[in-house]
Amino acid sequence: HLRRQVSEDAGLLQAYEALVLEAVLPWLRSRLTDHTGCGEPVRFSYQYPPTLRVQPGPSREFKRPHRDAEYGHQVGELNFWMPLTNYSDMTRATLWVESAPDIGDYEPLAIDYGEIAVFHGTLCRHHVPPNASGFTRVSLDFRVGVGDYFDP
C-alpha cells in the first residue's frame, strides 16, 4: 500500500528525480573522476520509485543484519539512505552499517534530515535496531547502478 502511494505521488517523484539528477549523480560522477582520474562518461541507472521506510516507536521490531545481495541486488549498486526525521532530536533509531564486507564493525549512520549517506549495501551488512523512542523514524532510500558494473 505504501509503495503504491509513493509510486503515484507526482510531487514526491518529481522532487526525488531532481535530487538524483541534480545532486546525487553529479556528486557520484565527481567522486568517480577523482578516484579514477578518468573523465570518460559514465552511465548510471537509479531506482525508481525510491523506497519509503517507516518505523514507528516505541517498538521492538528490528531488521536483521543482511546484505542486499541476499535479495538479488548486484555488486555494481550503491545504496543511498536519507532520513526524513532527525536522528539527533527524535528517534536515535538509525541504520547501522559495517565499514567493509564481513568486518562486523557496525556503526550507526548518525545523520539528520537534510543529509544523505552512501554505502555498499550489496556486500556490506546493515540492519535497523528497534526504535525505542516515542517518535516514528521515516527514511527514503534508493540504489544507483554504476556503469558497466551494473546490468540494468
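**Pockets, cores and strands in a predicted model**

Colleague: Which element gives the most to the lining of the second largest pocket?

Modeller: In this predicted model, that element is H2, with 5 residues.

Colleague: What volume does the second largest pocket have, and which residues are closest to its centre?

Modeller: The volume is about 260 Å³. There are 13 lining residues, and Leu-28, Arg-31, Leu-32, Leu-78 and Val-146 are the closest to the centre. Two elements, helix H2 (10-36) and E4, each give two or more residues to this lining. By class, the lining has 8 nonpolar, 3 polar and 2 charged residues.

Colleague: How much space lies in the largest pocket, and which residues lie nearest its centre?

Modeller: The space is about 570 Å³. Its lining has 25 residues, and Arg-53, Lys-63, His-66, Val-128 and Arg-137 lie nearest the centre. Strands E2 (51-55), E3 (63-66), E4 (77-83), E8 (126-128) and E9 (137-146) each give two or more residues to this lining. E9 gives the most, with 4 residues. The classes come to 9 nonpolar, 8 polar and 8 charged residues.

Colleague: Why is Leu-109 called buried?

Modeller: The relative accessible area of Leu-109 is 16%. Buried means under 20%, so Leu-109 is called buried.

Colleague: Where is Leu-109 placed, and with which residues is it in contact?

Modeller: Leu-109 is in the loop between strand E6 (107-108) and strand E7 (117-119). Apart from neighbours within four places in sequence, Leu-109 is in contact with Trp-81, Thr-94, Leu-95, Val-97, Ala-117 and Phe-119.

Colleague: What is known of the largest nonpolar core?

Modeller: This core has 12 residues: Tyr-16, Val-20, Val-24, Leu-25, Leu-28, Phe-44, Phe-80, Met-82, Leu-140, Phe-142, Val-144 and Val-146. H2, E4 and E9 are the elements that give it two or more residues, and the largest share, 5 residues, comes from H2. A second, separate core has 9 residues, among them Trp-81, Val-97, Leu-109 and Ala-117.

Colleague: What makes E4 largely enclosed by the rest of the structure?

Modeller: E4 has 7 residues and 6 of them are buried, so the strand is largely enclosed.

Colleague: How do you know that E4 and E9 pair?

Modeller: Two strands pair if there are at least two bridges between them. E4 and E9 have 7 bridges, so they pair, and the sense is antiparallel. E4 and E7 have 3 bridges, so they pair as well, again in the antiparallel sense.

Colleague: Which residues stand opposite Phe-80 in E9 and E7?

Modeller: In E9, Phe-142 stands opposite Phe-80, and in E7, Val-118 does. Phe-142 and Val-118 are also among the residues in contact with Phe-80, as are Trp-27 and Ile-116.

Colleague: Why are E3 and E6 called edge strands?

Modeller: The open sheet has 4 strands in the order E3-E8-E5-E6, with antiparallel pairing. E3 and E6 each pair on one side only, so they are the edge strands.

Colleague: What makes E5 and E8 a pair?

Modeller: E5 (residues 96-97) is joined to E8 by 2 bridges. The cut-off is at least two, so E5 and E8 count as a pair, running antiparallel. Within this pair, Val-97 has His-126 of E8 as its bridge partner.

Key: Residues are numbered from 1 along each chain as its sequence is written. This is a predicted model: local features need pLDDT of at least 70, side-chain atom pairs count only at pLDDT 80 or more; totals for chains, interfaces and linings use all residues. Side-chain values use heavy atoms; hydrogens and water are left out. On a 1 Å grid over the protein atoms alone, a cavity is a set of points where a 1.4 Å probe fits but cannot get out, and a pocket is an open set with protein on both sides within 12 Å along at least five of seven lines; lining residues have an atom within 4 Å of a point. Grid points are joined across faces, edges and corners, and a volume is the space filled by probe spheres set on the points. Ala, Val, Leu, Ile, Met, Phe, Trp, Tyr, Cys and Pro count as nonpolar, Asp, Glu, Lys and Arg as charged, and the others, Gly among them, as polar. Buried means under 20% relative accessible area, exposed over 50%, partly exposed in between (1.4 Å probe, protein chains only). Contact means heavy atoms within 4.5 Å. A nonpolar core is a set of buried Ala, Val, Leu, Ile, Met, Phe, Trp, Tyr and Cys residues joined through side-chain atoms within 4.5 Å.
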